[in-house]
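Reader: Please show me the chain we are going to discuss. I would like to ask a few things about it.

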Amino acid sequence: MKVSCVGGGPAGLYFAILRKLKAPDHDITVYERNPAGATYGWGVTYWGSFLAKLQEHDPESARAIAAASVRWRDGVAHIGERTARHRGDEGFGIGRHRLLDILANRATDLGVRVEFEREITDEPLDADLVVAADGVHSRLRARHEAAFGTEVATGGNTYLWLGTTKAFDAFTFAFVETEHGWIWCYGYRYSAERGTCVIECSPGTWQGLGLDRAGEADTLSLLEKLFAGILDGHPLIGRGQDEVQWLRFQTVTNRSWSRGNLVLLGDAAHSTHYSIGAGTTLAIEDAIALAGTVGGGDRALLEYERARKAALRPLQSAARYSARFYENLPRYLRLPPDQMFALLGQRHSPLLPYLPPRLYHRLDRAASGLAALRRVKRWAGHRLAASLHRS
């Protein structure tokens with residue numbers, strides 16, 4: 001089988017690795033439009049269960065990824081001058097550049113051709129299977145949007161990915177009130193010397209602070225002042241361009257994930273809000289599923305789609321409610337820090353937007369000690385989510 005994979009991100013590379021391990025005689029090429037090493041993702045997060053899954057499917061790349069990762073266990077939230085700290089599950093961070101290097105080298109060692117600076121805008125005609133792993137703005141998908149049933153929903157808040165020389169010792173949230181409204185940051189380390197900062201705010205705050213018209217130098221300077229309390233004198237790092245790439249998150253869904261010999265993978269097929277920290281994990285899980293079904297007959301691509309849609313459903317629901325939490329953030333920011341932190345952990349709940357925050361917090365605390373109340377809370381949340389999904 002001849003396979004062309006368009007997009008050299010984690011999903012495309014990991015699919016190529018696993019397919020080559022399963023079928024060494026396959027002719028597999030990964031096409032990446034950017035030069036080798038050109039990525040601005042800063043850091044990627046994942047959790048221990050994901051590392052175990054990598055170990056199961058390709059121990060060699062799993063060991064290299066684990067060795068290049070840093071770990072944390074605490075979460076800390078700074079709300080104005082107030083702070084709360086929480087002990088949680090162990091989290092991992094790795095530089096996106098380092099992750100791509102590991103996967104590209106592993107793929108090449110197995111005999112996969114990885115071609116950088118190759119722009120593919122249509123399916124290579126001589127491939128038996130074409131994998132569109134070219135991201136949220138997939139050009140291959142865009143050529144057949146009607147057939148795929150593509151829908152794109154744009155979020156309300158604006159956000160910006162930045163790097164920093166601050167290597168956070170915990171997964172860090174910082175919420176800062178300005179005269180134009182709240183602005184906040186998610187910070188985490190991905191190496192011993194570097195961290196990622198995701199800055200987010202409402203469009204009104206973004207415009208009120210002048211961030212909609214500021215160049216990169218002025219943007220970084222203002223944000224460093226606003227978040228000086230967590231940066232400890234460390235600078236923020238942009239792309240080194242004057243234009244600042246503020247974004248509004250796009251949630252992509254597709255009614256169908258395949259058309260003939262073309263199949264969607266990762267963000268080309270679906271996207272989940274970055275606030276649940278699962279984008280790379282879900283994309284690689286797609287790659288695992290697709291690599292396991294390819295070659296399984298005429299219905300292989302449909303089986304891949306059906307399995308992944310079922311697995312994604314609860315996570316996509318969690319991502320929608322997480323995004324909604326941040327879009328309605330002022331509703332929660334007057335709470336004491338420990339309660340605010342607790343609701344950060346509950347932001348995926350369908351009930352949270354419909355109950356007063358303090359009441360929800362009391363209900364959640366009571367449910368933690370009463371199994372029957374936990375069941376009622378879960379049942380009510382599932383019923384509400386189902387009714388909202390149908391509407």
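This is a predicted model: local features need pLDDT of at least 70, side-chain atom pairs count only at pLDDT 80 or more; totals for chains, interfaces and linings use all residues.

Reader: How far does helix 4 reach from its first C-alpha to its last?
Author: Helices are DSSP runs of H or I with at least four residues, and strands are runs of E with at least two, numbered from the N terminus. Helix 4 covers residues 96-110, which is 15 residues. The expected span is 1.5 Å times one less than the number of residues. The expected value for helix 4 is 21 Å, and the helix comes close to that with a reach of 21 Å.

Reader: Which residues of helix 4 are buried?
Author: Buried means under 20% relative accessible area, exposed over 50% and partly exposed in between, with a 1.4 Å probe and protein chains only. The cover over the buried residues of helix 4 includes helix 1 (10-22) and strand 5 (82-95). The buried residues are Leu-99, Leu-100, Ile-102, Leu-103, Ala-104, Arg-106 and Ala-107.

Reader: Which residue just after helix 4 takes a positive phi?
Author: The helix ends at residue 110. The phi in question is about 105°, and the residue is Gly-111.

Reader: What share of the protein chain is buried?
Author: The protein chain has 14 helices and 16 strands. Of its 391 residues, the buried ones make up 51%.

Terms used: Residues are numbered from 1 along each chain as its sequence is written. Side-chain values use heavy atoms; hydrogens and water are left out. Contact means heavy atoms within 4.5 Å.
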